[in-house]
Each structure stands twice: as structure tokens, then as C-alpha cells.
Number of protein chains: 2
Amino acid sequence: MAEWPAQLPEAVTIVEVGPRDGLQSADANLPTAQKVELIERLVAAGLRHIEATSFVSPRAVPLLADADQVMARVKREPGVRYIALVPNRRGLERAIAAHVDEVTLPISASDGHSRANLRRSTAEVLAQVPELVELAHGHGLRVRGGIATAFGCPYEGVVPVERVLWLTRQLVEAGVDSLTLADTVGMAHPLQVEELVCKVREVLPPGFPLGIHLHDTRGIGLANALAALQAGVTEFDASVGGIGGCPFAPGAPGNISTEGLVYMLEQMGIRTNVDGEAVEEAARWLHGRLKSETDARSQEGYR
Amino acid sequence: MAEWPAQLPEAVTIVEVGPRDGLQSADANLPTAQKVELIERLVAAGLRHIEATSFVSPRAVPLLADADQVMARVKREPGVRYIALVPNRRGLERAIAAHVDEVTLPISASDGHSRANLRRSTAEVLAQVPELVELAHGHGLRVRGGIATAFGCPYEGVVPVERVLWLTRQLVEAGVDSLTLADTVGMAHPLQVEELVCKVREVLPPGFPLGIHLHDTRGIGLANALAALQAGVTEFDASVGGIGGCPFAPGAPGNISTEGLVYMLEQMGIRTNVDGEAVEEAARWLHGRLKSETDARSQEGYR
């Protein structure tokens, strides 16, 4: 088991997922221009990996229906990787057309969540992955495999570790460039994080990039991040202001906040190259914008 | 350094400090009957160590001016330790008269906070401790020594580790029954917690009870609790609803929440013997009561 704190990394990568995971389940729909402004503010704060949107069916996720426009309008900063989540071939084709740098392919470890999220079983989704990876790579896009419900499923409860390890092997074989273990609805606890990360690392090729995607149930999100850090994870999803959830996972709390994660890591002497105060400022701006939109909608009688 | 997770304890003690650390700096003053009800709700939730109030000067902490009445009215449950904070001999005498089971003697590692909090230097406070311990023990009261600003001081910044170790030795020599390292204003980070706890344990007699008192700056409170757990701490202060702060430490965030701590520990298989949902219910009740009082006061023009 991991020794602590001897093996902590000198630097980690933070993947900002607020514009995607946060806005897809927000209380209000921001105008496209404000989504673009949010992304640009986050880039200005030093974030170099931004999951900017999701190319999903507008019927499934109406709040991200303007994904193409967002990517067309956002000013691209050199050195920044603009990432989009894509659930299928149609989404990947849109992502390629939108010139994103990287895609997240989500695949649920549990069939229950897979069917709710993508209307197909885990095996059916998995069968498509090799050709999606090939298509993405053919257009120069990096692919990160996102294992949803890795720590538990809102429909099925416990997800066997063997299932996650099997999926890990399959995704590596299919050619993904990195893996992210997602605690989709915030069911993970530190001991489980430590154990699963260690087991997944044992089946991964040496040095294979491993990330984690955490939600913040009852304030334990950053304790889970600490456990992941101790177990060797060096890539962390987080969202500005801790916004987020999952529209197909009832009761999911927000993501761990980018500003809290940056604060913790920097205090520990681990470099993030992110300006935590600028992220906090972006979070305040975002909460203000979301509140204005919510208030406006409720005055218009939409709610 | 500690191995993780091999040496995690099977059970830990939670010291509920909401009625003291929370209510002393709340936005509103609860009626005495509601303070009593809060304590009784927390006991009903399974908490067996309750820092119920503080016997300080009513001029210094007006919100706890009814400490004597609270202790006189609260229904004592067998097996529950009712604890009070006492800053000096006068406070200890009131605590003895009120039949508390245990007292917390606070002493700041930094002179700056010591003078702000108790109007005396650390050495001046320390000089009084042996006779206070003797008096407390003479009346059958257990004494916990609380080292304030152990992880940093709002007035002085960094507090040298040597200073904390010196104070640790002095307090043990003075006869305290347990020690609590307090992150008074929420400046600690996980690496620092791990390091300081390990060093303090090296100078403590084997098996000497060591607790920690954490505040929750930017959501890293439970990550600090996890680091403390890994380093061998088995006694955790926490407050219902995460209320709290320090009236003499500007900008202090609330304590780690009891319900969040219980949730994390129970998920990890570590027994707390506390019903986390009952604590959450008490937190909702408390927030409602505090809001009513605040609203009432602002209508009366007090604010």
C-alpha cells in the first residue's frame, strides 16, 4: 500500500469540468456568450485542461444544446487543451468538426447507469469504443476514457471492483490515452478510493495516465482527492464553484471545487499552475450569472 | 511516517463542540431553552462527548453569558461527558459549581493569539495550568489541554513546530489528561497535519490521548481530518452543521461538521456510535432556530 507522504507528486493536472459537468445540470441556461466568457475566465486563471462542453443530443441535455456555438466562439489559447464529452459517433463527429483537442468517452461500470445515461448496456457501449478511438486519433484528438459509477451506482448500488478492472483492461486495449475513474454520484469514501486506485494501477501499463472525477458528498470530496493523491493519481477533475451533478444520476452533489482543490494542493506544496483566487472570482461571477438567469426565468413563469 | 491504510483505528471519539464553538460566534443568541434542546438532541444522536458551553466572562463572549443556566437545565444522560471550556480559575470554579465532567483549558501556541484571546502571554497562561489541573482533578474533573493556533496564527502567521512541542511537554508535565491540537482559524493543510501530529506523538507518552480541532477552510477540513486519522489521532472535535469560528480570530471559518465527519468515518468502516442522520436533523433544526432569531433581531432594529 502507498506510503504517505513520501511519494506525493511535485505537480498535478487539474481538468476543469465546470463548463460541462456543471452547466449541464445547472438551475438555469446561461446564454452562449456567458458560457464562452466562463471558459475564457478559467483559461485566464491558468487552467490548461478545460472540459468545455458535451456533444450530446439537445433533447437529452438541453442546457448544452449550443455546444457547437460555444466551441466556435471561444477564443483558443495556445497550450490549452479544449476537451468535450462525447457519448457516441455522432457526438465525436461534431467534436471533430468543432476542432476540440481531446474527447472524454464516458462508459459506465454498471449497466443500470449505462442504460439511464446512454440507453445501452456497458458491453454495447464498449463495443463501439475501438472505432471511436480510431476515428478520434485519425483527426489528432486525444481520448480519455471515463469510467462512470466506478465507486457505486445509484441504480445498482455496489459496483464490483472486478467490473472496473475488466473495463480498465478493455479501454486500454481499445487505445484510450488516459483513464479517469468517476465517482459519478458521490458515493466514494477515502479508503475505497485508495483501494480502487491501487488495484486499477496494478492492471494499467506503467506510467499510464490515471485521473479521478469526484463529487462532494457531505464535504468529503477533498478527503477523497487526498486519498487519490496518496495512491498515485495525478490528474483531477474539478469544477469552478463546485457546480455540477449528473442529470441521469438522481441526487448527485456538485463536483469538488477547483478553487478548494487548488488551495489544498498549493498549501501542500504541490504545484497546480492555477491561480486559485482567480478561480474563486470566476465562481462568484458564475453564481451571480446563474442566479440572474434563474430569477429572470421565474419571473417569466417558466418555473 | 505512517502507513496507510493499514493502521486505521476501529473506532474514534467525536467531541461535539457546536454548543460552545458554534454558538459563541453565531449570528444570533439562542434562548437558553434552545441551547439546552440542542445539547439534548446531540446526546440523543449518540454523541457522548459534548463541549456544552464556555465559562468565560459574559463581557468577552456575551452569547454564552447563560453558561451556568444551560448546565443547570440540561438533562444529564448517564455515560455522556459534559465538557466546558474554561480560560482561567474563575471559569474553572464556575465549571466545578455547574458539575461538568471535563474542562478544556485553551492555551495558544502563539503569544499574539494568546493576548487577543486571554489577554496574557502563552507563558503567563501556562504558569497557571498546574494549579488549575490540580483543582479540577480534586473535584473529579478530567482536563483536556487545547493547544490553540497549533497550525498557524492569524496575528503571527507561521507557528514554529518547536513551540508546539515545547507546549506539549509542558502541558503533559502539568498533568492534563489529554491534548487537542487546534487549527483555530483553519490554516492547516493535510501534509502539515500529518507532520505535526507525528512529531507531537513522538514527544507524548505512549498511548497518551491526542485529539484534533479543525476548521473547514475552502472545504479541506475533512481532508485534514483524514490526514490526522492516518497519523494516529483518534479524537476529533466537530460541530453540528459545521457552525463555528473564533470571536478573537478574524476570518475563521466554521468547524468541520459532525455529520460530515460521521459520514466519512462510517463509510470507511470506522465506528463513531453516532447517528449521522440525527445530527443532520439537529443541524437543520439549529439553522432554522438561528435564522428565526436573526430575523427577529433585525426586525427589532438591533442589527
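Mentor: Begin with the contacts, bearing in mind that this is a predicted model. In chain A, of the contacts with a separation of 6 or more, 75% join residues 24 or more positions apart.

Trainee: How many residues of chain A count as buried, as a percentage?

Mentor: A residue is called buried if 20 or more other C-beta atoms lie within 10 Å of its own. By that count, 54% of the 303 residues of chain A are buried.

Trainee: What radius of gyration does chain A have, and why does it agree with a compact globule?

Mentor: The value for chain A is 18 Å, and it agrees because a compact globule with 303 residues would have one near 19 Å. The C-alpha trace of chain A spans about 55 × 45 × 40 Å along its principal axes. Chain A holds 11 helices and 8 strands.

Trainee: Now the sheet in chain B. In what order do the strands close into a barrel?

Mentor: Strands of a sheet pair through backbone hydrogen bonds, in either a parallel or an antiparallel sense. In chain B, 8 strands close into a barrel with parallel pairing, in the order β1-β2-β3-β4-β5-β6-β7-β8. Neighbouring strands of this sheet are turned by 25° against each other on average, ignoring direction.

Trainee: Which residue is the bridge partner of B:Ile147 in β6(B)?

Mentor: That partner is B:Leu181. Strands β5 (residues 142–148) and β6 (residues 178–182) of chain B pair in the parallel sense over 4 bridges.

Trainee: Which helix lies across β4 and β5 of chain B?

Mentor: Helix α6 of chain B, residues 122–138, lies across them and runs at about 165° to β4(B).

Terms used. Residues numbered from 1 in each chain as written. Chains lettered and ligands numbered in written order. Predicted model: local features only at pLDDT ≥ 70, side-chain atom pairs only at ≥ 80, totals over all residues. Pairing = 2+ DSSP bridges. Helix = DSSP H or I, 4+ residues; strand = E, 2+ residues; numbered from the N terminus. Axes fitted to C-alpha atoms, helices over the stretch in contact; angles between N-to-C directions. Contact = placed C-beta atoms within 7 Å. Rg over C-alpha atoms; globule rule 2.2 N^0.38 Å. Buried ≥ 20, exposed ≤ 12 C-beta atoms within 10 Å, placed from the backbone.
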